[in-house]
Amino acid sequence: MTSKSQELANLFLAGNEEQALQLVQTYLENHTKDELYQLLLTPAMYWIGELWEKNIITVADEHLATAICDFVVSVTEVRRPVQNSLKKKVMVLGPEGEDHYIGLKMVASLFKENGWEVQYLGPNLPLDAAIDSAKRWEPDVVALSAALAYRLPVLKKYAEAFIALDFKPSVVLGGRAVSLANWSASDTEGIIIVKELDQLKSWIHTGKESANDFSISIG
């Protein structure tokens, strides 16, 4: 984690909304939004998650930091018309029991900036409700995220349910839990593992996986 990312994390934990936003806006003067998400916000929030898991900070501290990060992400998201829309659809959500959502918002923003129609359903969505929504909307892609390792079996359950749908959406899996997991290679069609936002951006642009880096075993 860079010193800037560390500084931002400390501002989040201190509840310093104004300085956090100023730091991010200054960063964006010389960096892209992708770089903001990949190099600044994600490391900051991952580090805060580690502090919480080690009981160095309280759940209240983690919630405060998340709220400040959410504010910063919302303020810096530029609402502008998308040119040459691909007319593709993605549904973005977190599985039941998963309350973390900052990563989901970053993923939704990245798809929007690349011309996709996005249905952001947020975190902690029951599987039956998610499947019902998918059947009605028929997205090309379903993006799922989990922050904690013990959520991985639930993530697997959701992925299996989505790829079994008749219209065969691709399923993108990401989040801190996925980035830290040792996923094994698999020939399972339709499952894409994203351990970094750069990988997701590359997949959105090319539709191709890189040397099986994104593969997952759901056996």
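How much space lies in the largest pocket? About 690 Å³. Before going further, note that this is a predicted model, where local features need pLDDT of at least 70, side-chain atom pairs count only at pLDDT 80 or more, and totals for chains, interfaces and linings use all residues. Residues are numbered from 1 along each chain as its sequence is written, and side-chain values use heavy atoms, with hydrogens and water left out.

Now back to the empty space. Rolling a probe the size of a water molecule over the atoms shows where empty space is left. Here the search runs on a 1 Å grid over the protein atoms alone. A pocket is an open set of points with protein on both sides within 12 Å along at least five of seven lines. A cavity is a set of points where a 1.4 Å probe fits but cannot get out. Lining residues have an atom within 4 Å of a point. Grid points are joined across faces, edges and corners, and a volume is the space filled by probe spheres set on the points.

The largest pocket, at about 690 Å³, is lined by 34 residues. T42, Y46, G103, G175 and R176 are the closest to its centre. Which elements give two or more residues to this lining? They are α3, α4, α5, β3, β4, α8 and α9. These names follow DSSP runs, numbered from the N terminus: helices are H or I with at least four residues, and strands are E with at least two. Helix α3 gives the most, with eight residues. By class, the lining has 19 nonpolar, ten polar and five charged residues. Ala, Val, Leu, Ile, Met, Phe, Trp, Tyr, Cys and Pro count as nonpolar; Asp, Glu, Lys and Arg count as charged; the others, Gly among them, are polar.

The second largest pocket has a volume of about 230 Å³. It is lined by 13 residues, and V59, E62, H63, D99 and H100 lie nearest its centre. Helix α4 supplies the largest share of this lining, five residues.

There is also one cavity of 30 Å³ or more. D34, Y37, L110, L197 and D198 line the largest cavity. Both α3 and α9 supply at least two residues of that lining. Three of the lining residues are nonpolar, none is polar and two are charged.

Next, the helices. Start with α1, residues 3–14. The expected span of a helix is 1.5 Å times one less than its number of residues. For the twelve residues of α1 that should be 16 Å, and the end C-alpha atoms are 16 Å apart, which agrees. In α1, S5, L8, A9, L11, F12 and L13 are buried. Buried means under 20% relative accessible area, exposed over 50%, and partly exposed in between, with a 1.4 Å probe and protein chains only. The buried residues of α1 pack against α2, α3 and α4. After α1 comes G15, whose phi is positive, near 70°.

Nine of its twelve residues are buried, so α5 is largely enclosed by the rest of the structure. Its cover includes α3, α4, β1, β2, β3 and α9. G115 follows α5, with a positive phi near 90°.

The largest core has 44 residues, of which F12, L41, F111 and L200 touch the most other members. Helix α3 gives the most to this core, with eight residues. A second, separate core of 25 residues includes A146, L155, I163 and I193.

Finally, compare two residues. Is S145 buried or exposed? S145 counts as buried because its relative accessibility is 13%. It sits in strand β3. Its contacts (heavy atoms within 4.5 Å) include L93, L104, L155 and G175, leaving aside neighbours within four places in sequence. K168 counts as exposed because its relative accessibility is 56%. K168 lies in the loop between α7 and β4. K168 and G190 are 22 residues apart in sequence and 7.7 Å apart in space, C-alpha to C-alpha.

Note on methods: Core = buried A, V, L, I, M, F, W, Y, C linked by side-chain atoms within 4.5 Å.
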